[in-house]
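Trainee: Could we take a close look at just one part of this protein? I'd like to go slowly.

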Amino acid sequence: MTNDDGRKPEGAPERSPKAGAGAPSGGPKRFSVQRKMAIVARLLRGEPLELVARETNVSIARLTEWRDRALAGAATALKERERDDRDDEIARLKSKVGEITMDNELLCAKIAALEAKRPLDQRRPRR
């Protein structure tokens with residue numbers, strides 16, 4: 001806010017250096033995952049939501065959404081149990097079952113194709 005000669009009008013409030021550092025007025029700004037994590041970490045450390053929203057130029061609703069999603073992801077990550085030898089054995093056996101199932105389906109398809117070529121069903125010989 002300046003006059004034509006480049007001076008501020010008397011009584012004009014001082015502008016903070018971070019005032020224009022947020023998203024451009026042309027549309028919403030995209031944040032990288034690292035930047036979002038840093039902002040959410042500030043919230044988790046206890047910084048006031050309103051202050052973080054003002055400084056980062058992000059709405060309170062969006063910050064709340066980011067925080068909730070981060071906490072949900074952390075909860076999911078902590079629910080997972082450690083892998084052990086049984087997990088490797090289970091994966092190997094599942095793979096083996098898949099191979100056997102595929103072989104079985106191929107054999108059934110081959111039998112059906114061979115039976116389709118026969119003119120009449122084979123009868124058992126009488127005795």
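Trainee: Which residues make up the largest nonpolar core?

Mentor: Before we dig in, this is a predicted model, where local features need pLDDT of at least 70 and side-chain atom pairs count only at pLDDT 80 or more, while totals for chains, interfaces and linings use all residues. Residues are numbered from 1 along each chain as its sequence is written, and side-chain values use heavy atoms, with hydrogens and water left out.

Now, the core: its 10 residues are Phe31, Ile39, Val40, Leu43, Leu49, Val52, Ala53, Val58, Leu63 and Trp66. By nonpolar core I mean a set of buried Ala, Val, Leu, Ile, Met, Phe, Trp, Tyr and Cys residues joined through side-chain atoms within 4.5 Å. Buried is under 20% relative accessible area, exposed is over 50%, and partly exposed is in between (1.4 Å probe, protein chains only). At least two residues of this core come from each of α1 (33-44), α2 and α3. Those helices are DSSP runs of H or I, at least four residues long, numbered from the N terminus, and the protein has 4 helices and 0 strands.

Zoom in on Val40: skipping neighbours within four places in sequence, Val40 is in contact (heavy atoms within 4.5 Å) with Trp66, Arg67 and Ala70.

Next, look at the loop between α2 (49-56) and α3 (60-79), where you'll find Asn57. Asn57 isn't a glycine, yet its phi is positive, near 60°. With a relative accessible area of 44%, Asn57 is partly exposed. Across the protein, buried residues make up 10% of the 127 residues.
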